[in-house]
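Open the model in your viewer and keep the selection panel handy.

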Amino acid sequence: ARALHAGVQRDPAFSQLSDKDLAFFEQLLGGTSGVVTDSDALEPYNRDWQKKYEGHSRVALRPRTTEQVAEVLRYCSSRRLAVVPQGGNTGLVGGSVPVFDEVVLSTGAMNKILHLDEVSGTLVAQAGCILQALDEAAAARGFMMPLDLGAKGSCQVGGNVSTNAGGLRLVRYGSLHGSVLGLEVALPEPMLPSGPAPTPASAPGGGRVLDLLRTLRKDNTGYDLKQLFIGAEGTLGIVTAVAVQLAPRPASVQLALLACPSFEAVTATLRSARRRLAEVLSAVEFLDADCSALATTHLEGVGNPLSGEGGGEGGAGRGQGDAGAGASGRGSPFYMLVETHGSNAQHDQEKMEAFLEAAMAEGCVADGTLASSEAQARAIWRLREGISEALVRRGAVYKYDVSLPTAVMYDLVTALRQRLEGAGYGAAAGVRVVGYGHIGDGNLHLNVSAPRYDDDLLGLIEPYVYEYVARHNGSISAEHGIGLMKANCLSYSKGPVAIELMRRIKGLVDPHGILNPYKVLPKP
Ligand code: FAD
Ligand code: 2HG
Ligand code: ZN
């Protein structure tokens with residue numbers, strides 16, 4: 001692991017964990033199953049998914065109930081023990097692991113579905129439920145979760161809410177700021193005076209639990225407090241339960257993989273998809289040829305039927321509804337995934353075919369294939385969703401997740417590639433600058449893959465990328481959050497008044513700063 005937090009000092013205001021603290025946690029959480037202290041067992045809590053950030057916590061706590069979380073926070077606050085909330089630990093900005101010796105509070109054991117209402121399509125679940133498990137439970141009743149991402153098999157809904165995860169279908173189902181109906185959050189400090197609470201049911205934990213767990217679609221009763229915790233990355237409270245508006249599971253799903261001759265052709269195809277697929281459009285993603293090559297080289301069984309790369313058994317094969325009309329996707333610089341969710345397969349297929357025909361006639365698409373089975377669709381999605389994993393397998397990777405005006409989004413990839421090549425970090429040095437992402441949302445994933453971490457290379461990438469994004473009025477974090485990685489870069493995307501207000505809110509809710517210190521907010 002490579003700890004990329006040079007310059008951050010442990011805050012001496014925080015206490016060191018004592019044996020007495022451990023005894024308290026064991027008594028509270030029912031013995032050792034809820035209190036992890038063994039050094040091997042602690043390793044996965046101390047390291048992130050990329051093995052890039054590493055802390056040295058001596059304890060990971062695994063509470064099962066909201067009351068236990070509230071009690072842990074009460075104790076840690078009184079003892080000035082810093083706490084890092086952790087869900088599935090799939091975050092990409094170093095937010096979910098300790099920087100030093102913070103207590104890890106894992107929501108992994110809080111994995112109960114509390115309620116699913118089939119009439120209103122609402123789901124209430126504990127924060128530690130795995131996204132895929134929730135989607136499967138929703139599927140059994142004809143619904144789907146309104147978000148989907150490559151990490152679905154490991155990430156938890158509390159982590160999704162805390163990062164305001166975007167994912168593959170935001171273009172259709174919107175952001176979690178819209179689909180989260182309610183939250184329950186344990187706070188580090190009580191918001192009610194101690195003593196008997198006026199309404200015990202709504203103030204468990206002595207006023208440390210903020211109960212906003214409604215499932216109402218409409219509720220204009222003053223400030224929408226839950227929004228503060230959506231995307232707060234564990235700096236304001238610990239999300240213990242979530243109420244979500246589910247979407248109806250589509251009866252018909254169509255997926256096309258397309259090869260495009262230029263980035264202009266990609267954006268023209270996006271516009272055409274919006275116009276021609278309109279109400280059924282559910283995802284528009286893009287990847288460049290280097291991403292395709294990386295995924296097909298480093299992941300077993302992953303292929304690109306248009307480029308002819310990879311794809312052993314189980315790889316993406318050509319669909320029966322193959323739209324290739326003599327042209328070839330081989331050598332294409334860009335690929336796109338265009339998906340529809342609808343209720344009538346014949347209708348959706350006609351729309352998709354008309355869209356493909358038009359895109360090919362207009363020269364925006366050189367070749368395309370339609371998945372003709374669920375297995376083929378899964379294989380095509382694996383090509384796109386596997387890019388992060390392929391990059392991690394290749395070696396060191398510098399990740400940027402930016403919002404930029406869609407039309408010029410890829411210019412940043414080209415400019416950075418040229419900049420690095422000019423400094424000797426080109427293909428010959430094993431460096432690849434690749435771009436992919438959620439083009440339908442104006443969200444570029446810019447990744448630099450290198451044989452090893454290299455501070456000179458990093459110095460060429462940062463602050464160049466952040467300055468570029470700021471100059472184009474973009475965002476330095478479209479969907480992954482700020483975490484530790486970008487805490488000192490926040491001012492590229494937020495003005496001083498906004499940052500000051502964030503600090504004041506943090507100070508109000510967490511006056512001792514015990515929750516996820518060193519993350520999100522820049523050093524004062
Ligand atoms: P963690 O990684 O454990 O935590 C993330 C942050 O939230 C941390 O700051 C943590 O302290 C905080 N946190 C976690 N749980 C809680 C809680 N209950 N209360 C308060 N704070 C909490 N992200 C996207 O937005 N879109 C994508 O398409 C996407 N694809 C991905 C694909 C792969 C292969 C991988 C590895 C990651 C991807 N991510 C994506 C990033 C990541 O999966 C998301 O950010 C996800 O929402 C994190 O969930 P988690 O449960 O793993 O949270
Ligand atoms: C995706 O869209 C994820 O695949 C991960 O957000 C992006 O690893 C990345 O840079
Ligand atoms: Zn993404």
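Start by selecting Asp348, Lys351, Met352, Phe355, Leu356, Ala359 and Met360, the buried residues of helix H12 in this predicted model. Look down the axis: they cover an arc of only 160 degrees, so they sit on the same side of H12.

What do the buried residues of H12 pack against? Show strand E12 (252-260), helix H10 (263-277), strand E16 (334-342) and strand E17 (367-370), and you have the partners of that buried side.

Then step just past the helix to Gly363, where phi is positive, at about 80 degrees.

Next, go to strand E16 and pick Gly342. Is Gly342 buried or exposed? Gly342 is buried, because 21 other C-beta atoms lie within 10 Å, and the cut-off for a buried residue is 20 or more. Select Pro250, Ser252, Val280, His347 and Asp348 too: these are the contacts of Gly342 once its neighbours within four places in sequence are left aside. Of these, Ser252 is worth a distance label: its C-alpha atom is separated from that of Gly342 by 5.1 Å, although the two residues are 90 apart along the chain.

Now move to ligand 1. It is surrounded by 38 residues, and the closest are Gly87, Gly91, Gly95, Gly158 and Gly159. Which elements each supply at least two residues of this shell? Colour strand E3 (83-86), helix H5 (157-163), strand E10 (238-245) and helix H14 to see them. H5 gives the most, with five residues. Coloured by class, the shell around ligand 1 shows twelve nonpolar, 23 polar and three charged residues.

Finish at ligand 2. Select Leu92, Gly150, Ile387, Ser388, Lys399, Asp401, Gly437, His445 and Asn447, the residues around it. Helix H14 (387-394), strand E18 (396-403) and strand E20 (443-450) are the elements giving two or more residues to this shell. By class, the shell around ligand 2 has two nonpolar, five polar and two charged residues. Keep H14 highlighted before you leave: H14 contributes to the shell around ligand 1 and to the shell around ligand 2.

Key
Residues are numbered from 1 along each chain as its sequence is written. Chains are lettered from A and ligands numbered from 1 in the order in which they are written. This is a predicted model: local features need pLDDT of at least 70, side-chain atom pairs count only at pLDDT 80 or more; totals for chains, interfaces and linings use all residues. A residue is near a molecule or strand if its C-beta atom, placed from the backbone, lies within 6 Å of it. Helices (H or I, at least four residues) and strands (E, at least two) are DSSP runs, numbered from the N terminus. Ala, Val, Leu, Ile, Met, Phe, Trp, Tyr, Cys and Pro count as nonpolar, Asp, Glu, Lys and Arg as charged, and the others, Gly among them, as polar. A residue is buried if 20 or more other C-beta atoms lie within 10 Å of its own, exposed if 12 or fewer, and partly exposed in between; C-beta atoms are placed from the backbone. The arc is that of the directions from the helix axis to the C-beta atoms. Two residues are in contact if their C-beta atoms, placed from the backbone, lie within 7 Å.
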